[in-house]
Amino acid sequence: MSHARIVLWLSLTLRPTRVLCRGRFFEGQSPGLPNRAAMENGTGPCGEDCPREVQETTVTEGAAKIAFPSANEVFYNPVQEFNRDLTCAVITEFARIQLGAKGIQIKVPGEKDTQRVVVDLSEQEEEKAELKENENLASGDQPRTAAVGEICEEGLHVLEGLAASGLRSIRFALEVPGLRSVVANDASARAVDLIRRNVQLNDVAHLVQPSQADARMLMYQHQRVSERFDVIDLDPYGSPTPFLDAAVQAVSEGGLLCVTCTDMAVLAGNSGETCYSKYGAMALKSRACHEMALRIVLHSLDLRANCYQRFVVPLLSISADFYVRVFVRVFTGQAKVKASASKQALVFQCVGCGAYHLQRLGKASGVPGSRVSEVMVPAHLFPVLPQLGGPVWAEPIHDLDFVGRVLEAVSANPGRFHTSERIRGVLSVITEELPDVPLYYTLDQLSSTIHCNTPSLLQLRSALLHADFRVSLSHACKNAVKTDAPASALWDIMRCWEKECPVKRERLSETSPAFRILSVEPRLQANFTIREDANPSSRQRGLKRFQANPEANWGPRPRARPGGKAADEAMEERRRGSHPPSSHQGTCQRGDQCCYSHSPPTPRVSADAAPDCPETSNQSPRGPGDAARPGID
């Protein structure tokens with residue numbers, strides 16, 4: 001028998017054995033498995049090193065312990081822990097509301113047993129519910145409860161459409177009470193194999209169901225009312241737009257839809273035509289681009305839901321780090337859908353001074369309280385400014401009552417999440433935002449337009465409050481000024497500030513926005529005296545509102561690829577490749593007469609740690625509470 005035939009015979013003979021061993025390995029029944037330390041170190045039973053793609057890293061986040069391949073085969077980003085912590089907190093409060101209406105009280109580890117059940121009812125319905133509860137207790141019936149890690153037959157049916165390693169689904173099972181089942185789906189076979197192993201590792205097989213399917217097809221198969229999901233979580237790599245049409249159909253009536261968008265370059269106005277093709281809106285380059293990104297995503301969700309006589313109600317909208325995250329409830333109602341046009345608006349923005357105006361697409365009219373409503377497009381339009389963006393969501397982007405419940409729960413149980421401090425800070429700023437004022441200006445934008453020194457935050461806020469306008473911060477930007485003051489009043493205040501810190505007019509071009517703005521005398525006399533209510537509560541308490549970069553090379557990770565390199569290694573190689581070392585090295589012969597600088601570059605100081613400008617500090621006295629607080633913002 002020739003050598004080639006022997007090799008062929010051996011391969012055919014040993015193939016069933018390899019298949020059997022492989023199947024047993026994924027089921028956790030492989031005989032002769034190496035010990036746990038050997039597996040974590042990537043060594044086999046004979047002490048030989050395993051191939052690179054078999055090496056694993058164990059990560060603990062929250063209550064879950066997850067095994068990840070060292071190579072970038074399954075997507076994982078530790079910076080998104082804040083995202084996952086916040087999602088667990090939001091779903092917990094959503095479960096408290098949904099199950100509370102059914103008379104079921106949820107038990108969250110770390111919370112006091114005396115905490116009341118939160119039910120979203122009117123006052124009369126609350127009184128009836130209390131009477132019914134008292135009758136049940138008098139008759140000896142014990143209130144029903146739902147604990148973490150247990151199956152609740154009347155609980156929430158959750159879907160994570162793009163589960164990757166299953167970390168988020170496993171954390172739901174281990175940290176969120178009142179769940180009936182969690183479907184951890186991914187289209188990658190490698191990812192689903194890893195999900196199965198992590199489910200077994202965390203002993204949550206009774207709650208988490210691994211699934212391998214296209215997320216869109218899976219959601220399209222659950223369009224029936226009886227098969228819909230109560231919660232759908234979508235956290236894709238990049239844009240979620242391919243999944244939104246299926247998601248708004250597969251979520252139950254009043255269900256929760258959680259969506260993450262990491263394509264911020266598109267949403268922030270760098271590619272307006274791409275934003276329109278994905279989200280159906282034109283993004284503008286402006287200082288308020290992060291809030292505008294949130295409103296574009298909400299507009300896109302509502303637009304897709306309207307196609308099926310459904311509409312969205314935002315609960316919480318977050319702009320953090322390198323992504324935006326929205327939590328909305330989806331309802332069905334033909335009359336409400338007809339009024340959706342009045343919730344959208346076009347954004348007119350001046351390319352010179354940055355002033356903006358929102359023009360609603362429609363105006364809701366009709367008899368108050370009537371089931372039939374009409375939407376009429378107004379005939380009078382605002383004069384068109386040079387730039388046009390949108391449509392965007394023009395209604396409030398948060399439900400402040402719901403945000404307050406989440407904030408109260410996180411504050412009462414700070415040890416539940418690793419990022420509780422940041423969640424408290426961000427949600428506190430959100431509760432202080434003006435809900436009916438879309439978009440915002442920034443301090444540096446206003447001062448740079450007229451080329452003057454920047455006033456302090458307290459001085460500008462005090463001037464607006466003295467003029468009887470409302471003003472607040474924004475969680476989306478550290479220097480944001482969200483106010484209901486018209487652009488004319490805002491520029492009058494800046495003209496008054498320029499008189500205290502004069503600008504050299506001879507250096508201004510007659511065609512520049514600064515010259516034209518300062519050539520007009522202010523009609524409003526601003527008062528920059530510091531007011532006590534100008535300093536918001538979150539700032540006075542020193543909450544962690546804006547976090548600095550959590551780690552080196554943080555941000556969106558490379559897309560997961562089979563057999564790819566580790567994320568850190570790929571990022572480091574990409575960074576080195578974009579800045580190749582210079583081959584022109586040596587000693588300069590000109591010495592001090594050389595026109596080039598040979599000193600090492602001065603390290604850049606981040607915006608959070610940058611000291612105040614000396615000119616601004618001398619001319620802009622700080623008010624109470626305006627002192628720099630390192631490590632807070």
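Tutor: With axes. An axis is a line fitted to C-alpha atoms, for helices over the stretch in contact, and angles run from 0 to 180 degrees between N-to-C directions. Keep in mind that this model is predicted.

Student: At roughly what angle do the axes of helix H15 and helix H17 cross?

Tutor: Roughly 65°, and the axes come within 11 Å. H15 covers residues 443-450, H17 residues 487-500. The crossing is right-handed.

Student: Which residues of H15 and H17 meet?

Tutor: H15 supplies Leu446, Ser447, Thr449 and Ile450. From H17 come Leu490, Trp491, Met494 and Glu498. By class, five residues of this contact are nonpolar, two polar and one charged.

Student: Why is H15 said to be largely enclosed by the rest of the structure?

Tutor: Count burial, which means under 20% relative accessible area. Six of the eight residues of H15 are buried, so the helix is largely enclosed. Those residues are Leu443, Gln445, Leu446, Ser447, Thr449 and Ile450. Their cover includes strands S17 (441-442) and S19 (477-483), along with helices H16 (457-466), H17 and H18 (513-518). After H15 comes His451, with a positive phi near 60°.

Student: S19 is part of that cover. Which strand do three bridges join to S19?

Tutor: Strand S18, residues 471-474, and the two run antiparallel. A hairpin of two residues links S18 to S19.

Student: Now the cores. What is the general idea?

Tutor: In soluble globular proteins, nonpolar side chains tend to be buried together. Here the largest nonpolar core has 87 residues. Met219, Ile232, Leu257, Leu267, Ile296 and Leu301 touch the most other members. Helix H11 (residues 289-306) contributes the most to this core, eight residues.

Student: What does Ile296 touch?

Tutor: Leaving out residues up to four places away in sequence, Ile296 touches Leu267, Cys275, Tyr279, Ala281, Met282, Ala283 and Val392. A second, separate core has 50 residues, among them Ile97, Ile170, Val182 and Leu407.

Student: And sheets: how many strands has the open sheet with the order S13-S12-S16?

Tutor: Three, with antiparallel pairing. Strands S13 (356-360) and S16 (387-393) are at the edges, each with a single partner strand, so one side of each has no neighbour in the sheet. The twist averages 25° from one strand to the next. Five bridges join strand S12 (residues 344-349) to S16. Gln344 stands opposite Trp393 in S16. H11 packs on this sheet, touching S12 and S16, and its direction makes about 60° with that of S16.

Note on methods. Residues are numbered from 1 along each chain as its sequence is written. This is a predicted model: local features need pLDDT of at least 70, side-chain atom pairs count only at pLDDT 80 or more; totals for chains, interfaces and linings use all residues. Side-chain values use heavy atoms; hydrogens and water are left out. Helices (H or I, at least four residues) and strands (E, at least two) are DSSP runs, numbered from the N terminus. A crossing is left-handed if the near helix is turned anticlockwise from the far one by less than a right angle, and right-handed if clockwise. Contact means heavy atoms within 4.5 Å. Ala, Val, Leu, Ile, Met, Phe, Trp, Tyr, Cys and Pro count as nonpolar, Asp, Glu, Lys and Arg as charged, and the others, Gly among them, as polar. A nonpolar core is a set of buried Ala, Val, Leu, Ile, Met, Phe, Trp, Tyr and Cys residues joined through side-chain atoms within 4.5 Å. Buried means under 20% relative accessible area, exposed over 50%, partly exposed in between (1.4 Å probe, protein chains only). Two strands pair if DSSP finds at least two bridges between them.
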